[in-house]
Amino acid sequence: MNEEVLFPTYQRFPFAIESGQGVQLTDDHGQTYLDFTAGIGVCNLGYQVPTLQAAVKAQLDQIWHTSNLYQNHLQTEVAQLLVNGEDRCVFFANSGTEANEAALKLARKFTGKSAILAFEHGFHGRTYGAMSMTGNPHIQAGYAPLVPGVQFATYNDPAALDQITPDLAAVILEVVQGEGGVFVGEPAWLAAVNQACHEQGVLLIIDEVQTGMGRTGYRLAFEGYGLDPDIYTVAKGLANGLPVGAMVGKKQLATAFGPGSHGSTFAGNPVSMAAAKVVLQTLTPDFLTAVQAKADQVWAYLQTEIAPLPVVNQVTGKGLMIGIHLAESLPVAKVITALQAEQLLTLSAGDNTLRLLPPLVMTSTDLLAGLTTIKHLLVKLSSEVMA
């Protein structure tokens with residue numbers, strides 16, 4: 001099919017995904033794949049989920065759009081599930097980048113300050129505010145001038161604490177830097193950042209767009225570290241594939257976000273809310289415990305079977321968010337293409353990293369089967385590279 005009618009912003013693989021069932025995807029050539037991408041961390045519950053489909057179809061039969069000029073009971077229900085009993089408020093958006101834009105606006109408006117501290121290799125989106133807080137020069141290239149007032153520090157570096165000063169409106173970070181290379185925050189460092197923000201009167205924003213909704217074995221990744229963000233953002237897995245994002249902030253921040261201070265035409269639409277409600281109801285303690293148990297098996301395999309391979313520099317991540325950092329001699333793009341021929345779909349990330357984001361409902365059997373496929377391919381490619 002001729003795609004010249006589309007802007008060439010994506011480097012697409014030469015096939016289209018046409019259907020999905022469980023954790024399997026089928027392309028337009030009839031090839032079936034085990035999915036270790038979940039739509040880039042989106043379809044955490046897999047495909048053709050009966051409870052999700054029933055909720056979405058029921059909502060479609062009622063109404064699929066109503067403006068935010070009117071009360072929306074589904075938004076209230078989903079917000080209550082999101083805040084989970086905490087004294088917080090929710091603003092719904094259409095995506096992660098929009099949720100981060102809302103967080104930036106709220107932080108500046110509430111504090112009356114403009115300076116933001118972000119981190120190198122972080123990723124917060126591609127709209128101007130979110131892109132300006134993204135520590136990746138490649139993503140920012142060609143778009144100057146960016147939103148002013150954003151400074152950067154080195155992730156996991158104790159020296160970054162010296163940059164948390166009272167003149168900042170906020171610090172924004174990911175507990176696990178996904179796009180940057182699946183780099184995990186060190187618990188002591190994250191706790192120190194959390195403490196410094198609160199001591200200096202600086203808002204702490206945690207971007208949970210990729211790490212949230214059970215991805216790390218916790219409902220939200222920061223819960224596994226005992227952190228207390230003033231604001232956090234979610235998207236991706238929140239509605240298992242329908243477009244939705246949310247900014248969640250402590251209730252005292254609501255004084256800065258009164259009528260007319262922010263808004264969106266489509267955000268929080270009933271169809272996405274119907275799906276989000278099911279997702280949040282699914283993330284029970286038992287569900288998360290099962291994710292953690294599967295992750296333990298996965299990490300045992302990664303550490304004994306994949307990390308020692310000569311073409312692997314290190315394996316990083318948390319829960320079912322995994323980064324296999326490859327030697328420079330083995331480009332990650334080559335590995336991804338070769339794995340597609342083995343009927344396994346994977347992703348890339350910074351630092352020449354093979355990134356794995358399988359659906360959270362995938363069985364241990366399928367998870368280990370996929371990892372075994374990766375191991376065998378890396379062994380084969382290793383011998384070719386070293387020959």
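1. In this predicted model, strands β11 (residues 231–234) and β12 run antiparallel and are joined by 4 bridges. Within that pairing, I231 has G249 of β12 as its bridge partner. Strand β12 also pairs with β4 (residues 88–93), again in the antiparallel sense, over 6 bridges. Of the 6 residues of β12 (residues 245–250), 6 are buried, so the strand is largely enclosed by the rest of the structure.

2. The largest nonpolar core comprises 94 residues, and those with the most contacts inside it are V171, I306, I324, I374 and L378. Helix α9 (residues 285–306) supplies the largest share of this core, 9 residues. Apart from it lies another core, of 20 residues, which includes A170, I231, M247 and F257. As a general background, nonpolar side chains in soluble globular proteins tend to be buried together.

3. The surroundings of I324 may be set out in detail. Leaving out residues up to four places away in sequence, I324 touches L302, I306, V312, Q314, V315, N352, T353, L354, L356, I374 and L378. I306, I374 and L378 are, like I324, among the residues with the most contacts inside the largest core.

4. Helix α7 (residues 187–200) has 14 residues, which at 1.5 Å a residue should span 20 Å; its end C-alpha atoms are 20 Å apart, which agrees. Its buried residues are W189, L190, V193, N194, A196 and C197. Seen down the helix axis, these buried residues of α7 fall within an arc of 165°, so they line one face of the helix. The face turned away from that buried side carries the exposed residues P187, A188 and E199. The cover over the buried residues of α7 includes β5 (115–119), β7 (168–173) and β10 (203–207). After α7 comes G201, with a positive phi near 70°.

5. A separate open sheet is built from 4 strands in the order β1-β2-β3-β15, with mixed pairing. Strands β1 (17–21) and β15 (344–345) stand at the edges, each with a single partner strand, so one side of each is left without a neighbour in the sheet. The pairing of β15 with β3 (residues 32–35) is parallel and rests on 2 bridges; there, L344 of β15 is the bridge partner of L34.

6. In helix α10 (residues 332–341), the residues V332, V335, I336, L339 and Q340 are buried. Viewed down the axis of α10, its buried residues fall within an arc of 140°, so they line one face of the helix. Q343, which follows α10, has a positive phi near 65°.

7. T346 lies in the loop between β15 and β16 (347–349). T346 is buried, with a relative accessible area of 6%. Not counting residues up to four places away in sequence, T346 touches F36, T37, I336, L339, L354, R355 and L356.

8. L45 occupies the loop between α1 (38–41) and α2 (50–60). L45 is likewise buried, at a relative accessible area of 10%. Neighbours within four places in sequence aside, L45 is in contact with L52, N240, V279, T282, F287 and V361. L117, by contrast, is 72 residues from L45 in sequence and 34 Å from L45 in space, C-alpha to C-alpha.

Notes. Residues numbered from 1 in each chain as written. Predicted model: local features only at pLDDT ≥ 70, side-chain atom pairs only at ≥ 80, totals over all residues. Heavy atoms only, no water. Pairing = 2+ DSSP bridges. Core = buried A, V, L, I, M, F, W, Y, C linked by side-chain atoms within 4.5 Å. Buried < 20%, exposed > 50% of the residue type's maximum accessible area, 1.4 Å probe, protein only. Contact = heavy atoms within 4.5 Å. Arc of directions from axis to C-beta. Expected span 1.5 Å × (residues − 1).
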